[in-house]
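Hi everyone, thanks for coming.

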Amino acid sequence: MIPPHGIEVTYEKTTHIIFPSAVRYVDLGSPNLIAGKADGAENVIRVKATVKNFRTETNFSVITESGSFYTFNVKYADEPLLLNIEMKDFIHDGSEVNRPNNALDIYLEELGSESPKLVHLIMKSIHKNDNREVKHIGSKSFGIQYLLKGLYTHNGLLYFHTQIRNTSNVPFDVDFIVFKIVDKKVAKRTAIQEQVIFPLRAYNYATRIAGNKDERTVFTMEKFTIPDDKQLVVELHEKSGGRHQSFIIENEDIVRARVINELKVK
């Protein structure tokens with residue numbers, strides 16, 4: 001059982017609810033309510049009444065990217081007690097207070113049979129441990145080093161642990177990072193066949209690496225393998241600059257990905 005949160009809404013003012021992660025789904029129980037994401041903020045929704053003084057209590061539900069499900073009972077009030085609600089202040093784990101959890105774990109389609117919360121814990125654990133399991137993949141030029149530190153697998157997903165190291169005095173601003181499968185040998189004037197692989201999640205995605213600093217990111221992707229005549233190229237592009245980096249991952253690197261023991265994930 002998930003205890004619903006009680007909130008009040010009104011016609012003249014907007015109630016904002018801040019969630020710990022991006023909102024993926026909102027379902028309203030009545031046309032007396034209107035709701036939507038706040039402009040420019042993926043984890044904030046705004047709710048208000050569409051009619052004044054509706055009498056019947058209604059509800060709405062929210063699913064977030066972290067795989068949590070929330071439900072709310074809604075009443076009308078001329079002056080709501082709270083207009084800005086931060087959900088992490090209301091979340092409890094159920095065990096300490098002898099009550100059920102008030103955010104149920106949801107499985108999202110793109111992560112297959114994996115729990116979003118476990119995916120987050122695995123990425124966090126890889127980042128925290130900071131082991132260098134892979135020692136032969138990376139690139140270095142212009143004072144920028146881009147490395148693959150580890151490659152892991154668990155329950156149909158792949159985890160790529162990367163590091164950007166800036167040994168220059170000039171900050172490095174990331175424009176974009178792309179993972180693509182390309183032919184190993186491409187004849188001149190031949191259209192290059194590329195297959196872009198899009199990450200499902202990114203933990204600690206760095207957008208700026210200050211001078212003489214480094215940043216690490218963990219990417220999560222669906223499991224895939226690479227044909228013998230192709231290779232995975234990972235490209236790092238600098239915004240308004242030319243210090244781009246790239247390295248190559250072969251199929252033998254993918255199939256040697258280290259299996260994660262979820263019991264050891266902390």
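I'll talk about aromatic pairs, then the nonpolar cores, and finish with a sheet.

Quick housekeeping: this is a predicted model, where local features need pLDDT of at least 70, side-chain atom pairs count only at pLDDT 80 or more, and totals for chains, interfaces and linings use all residues. Residues are numbered from 1 along each chain as its sequence is written, and side-chain values use heavy atoms, with hydrogens and water left out.

Okay, aromatics. Rings of Phe, Tyr and Trp (its six-membered ring) pair if their centres lie within 6.5 Å; planes under 30 degrees apart are stacked, over 60 edge-to-face, and the rest tilted. That rule gives nine aromatic pairs. One of them is F19 with F72, edge-to-face, at 6.2 Å centre to centre and 85 degrees between the planes. F19 sits in the loop between β2 (15-18) and β3 (23-28) while F72 is in strand β7 (residues 68-76), so this pair ties together parts 53 residues apart in sequence. Strands, by the way, are DSSP runs of E, at least two residues, numbered from the N terminus.

F19 is buried at 2%, and F72 is buried at 1%.

Now look at Y205 and F219: their ring centres are 6.1 Å apart and the planes are at 75 degrees, so that pair is edge-to-face. Here Y205 is partly exposed, at 38%, whereas F219 is buried at 3%.

A nonpolar core is a set of buried Ala, Val, Leu, Ile, Met, Phe, Trp, Tyr and Cys residues joined through side-chain atoms within 4.5 Å. The largest one has 28 residues, and F160, F179, F224, L232 and I249 touch the most other members. Which strand gives the most to this core? That's β13, with five residues. Apart from this core lies another, of 18 residues, including V9, F19, A49 and I85.

Last stop, the sheet. Four strands form an open sheet with mixed pairing, in the order β4-β5-β2-β8; two strands pair if DSSP finds at least two bridges between them. At the edges are β4 (33-37) and β8 (84-86), each pairing on one side only. β4 pairs with β5 (residues 44-49) in the antiparallel sense, over five bridges, and L33 has A49 as its bridge partner in β5.

Technical notes. Buried means under 20% relative accessible area, exposed over 50%, partly exposed in between (1.4 Å probe, protein chains only).
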